[in-house]
Amino acid sequence: MDSLLFTLNAVLPILLPAFLGYFLKRIGFFKEGFLDNANKLVFKVLLPFLLFSNLYLANLSDINWAFCGFCALAIIILFGAGLIITLFIKDPKQKGVMLQAAFRSNYAIIGIPLATLLAGEKAGAQASIIAAISVPLFNVLAVIALSIFDKENGNKISILSILKKIVTNPLIIGVFCGVIFCLIGMGIDNLTGINGTLKSILTNYNITEAGQVITDNQKYGLADLSFIGTTINYISRCATPIALIVLGGKFEFSAVKELWKQLLVSVSFRLIISPVIFLTVFYFIGYKDAQSFAILIALFATPIAVSSAPMAAQMGQDERLAGQIVVWTSALSAISLFVIILICSGIGIFA
């Protein structure tokens with residue numbers, strides 16, 4: 001019962017805002033064009049802030065590179081498996097969406113809190129570090145997935161155009177900035193120590209006006225500029241609820257009947273096939289401790305990322321299918337995660 005409760009506590013906060021968005025759309029609360037503009041806001045502003053916020057405080061010095069390497073390899077293998085699935089999809093605008101569903105999990109929003117619930121604060125800290133590897137990889141592969149079938153849509157495609165989409169993608173820019181700030185922070189600590197000269201300069205610099213140095217009792221440091229971090233935090237907190245409300249507003253139950261085959265394949269692969277294969281593989285190669293397994297469940301058994309829907313919309317792919325996959329993988333993950341966690345508890349991983 002406890003496993004069910006904390007799984008529901010992790011999943012329902014994702015579903016309920018989407019239900020709210022759907023309800024508001026049904027009663028006519030959203031005016032025409034609002035949801036499209038809100039989608040752009042989420043993709044181009046709010047989600048980049050969220051990704052930056054998740055990454056810039058990570059402690060990269062604690063990374064288990066072997067474990068990260070196995071996880072990255074597994075994600076790439078899932079990408080390859082998704083490519084095979086696309087061979088059986090006729091609509092080119094659905095191919096990239098289904099390929100994205102094969103490898104991209106909701107790691108940042110659901111996965112990290114779930115890992116913390118499963119194995120404690122240390123698992124949550126390690127999960128945040130893994131995000132420095134997995135989140136950039138997810139987003140780069142997502143851009144590739146949503147771009148490589150443009151030729152079938154009648155658009156000219158080239159390696160240069162894909163690279164341009166990667167470099168200019170707002171989510172990847174947010175990830176890149178987060179990693180850069182993280183590396184800068186780590187470099188300062190490593191070079192100067194906690195009380196080093198450089199850190200002292202950065203946190204106790206003088207402010208000048210018209211070339212004059214302000215007196216000691218009027219000094220201000222970076223620590224006094226807390227409004228910057230607070231602003232980033234506020235904006236990043238807006239990303240998930242607004243994205244989910246917009247997603248719910250765009251959801252159409254009538255589309256399920258038309259898209260049931262695509263949904264069946266995507267949901268089964270995301271919630272059953274992927275976790276069963278990779279959790280089993282990692283178990284037999286020696287990652288049996290609770291912390292590692294909590295991270296693996298967060299990485300391979302959580303629903304598809306919420307950002308996959310607005311990204312698909314902004315890149316001209318099948319937004320309706322992308323939204324349906326997000327909603328149904330999120331809803332059904334309450335069941336699949338409960339079963340997975342129950343099995344892991346039964347074999348002694350979460351004793």
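Select phenylalanine 282 to begin: its relative accessible area is 3%, so it is buried (under 20% relative accessible area; exposed is over 50% and partly exposed in between, with a 1.4 Å probe and protein chains only). The model is predicted, so local features need pLDDT of at least 70 and side-chain atom pairs pLDDT 80 or more, while totals for chains, interfaces and linings use all residues. Residues are numbered from 1 along each chain as its sequence is written, and side-chain values use heavy atoms, without hydrogens and water.

Over the whole structure a search finds 13 aromatic pairs (rings of Phe, Tyr and Trp, the last by its six-membered ring, with centres within 6.5 Å; planes under 30 degrees apart are stacked, over 60 edge-to-face, the rest tilted). Phenylalanine 282 and tyrosine 287 are tilted, because their planes stand at 55°, with the ring centres 5.9 Å apart.

Next, select tyrosine 283 and phenylalanine 293. This pair is edge-to-face, with 90° between the planes and 6.2 Å from centre to centre. Tyrosine 283 belongs to helix α11 (residues 254-284) and phenylalanine 293 to helix α12 (residues 290-300), so the contact ties together parts 10 residues apart in sequence. Helices here are DSSP runs of H or I with at least four residues, numbered from the N terminus. Tyrosine 283 is partly exposed at 24% relative accessible area, whereas phenylalanine 293 is buried at 3%.

The charged end of lysine 288 sits over the tyrosine 283 ring, 4.8 Å from its centre (NZ of Lys or CZ of Arg within 6 Å of the ring centre and within 35 degrees of the ring normal).

Now move to helix α2 (residues 34-55). Its 22 residues reach 30 Å from first C-alpha to last, close to the expected 32 Å (1.5 Å times one less than the number of residues). Centre the view on valine 42, where α2 has a kink of about 40° (the angle between axes fitted to the seven residues ending there and the seven starting there).

Last, the largest cavity has a volume of about 160 Å³ (a set of points on a 1 Å grid over the protein atoms alone, where a 1.4 Å probe fits but cannot get out; lining residues have an atom within 4 Å of a point). Of its 16 lining residues, select Leu51, Arg104, Ala108, Ala305 and Ser307, the closest to the centre.

Notes:
Helices (H or I, at least four residues) and strands (E, at least two) are DSSP runs, numbered from the N terminus. On a 1 Å grid over the protein atoms alone, a cavity is a set of points where a 1.4 Å probe fits but cannot get out, and a pocket is an open set with protein on both sides within 12 Å along at least five of seven lines; lining residues have an atom within 4 Å of a point. Grid points are joined across faces, edges and corners, and a volume is the space filled by probe spheres set on the points.
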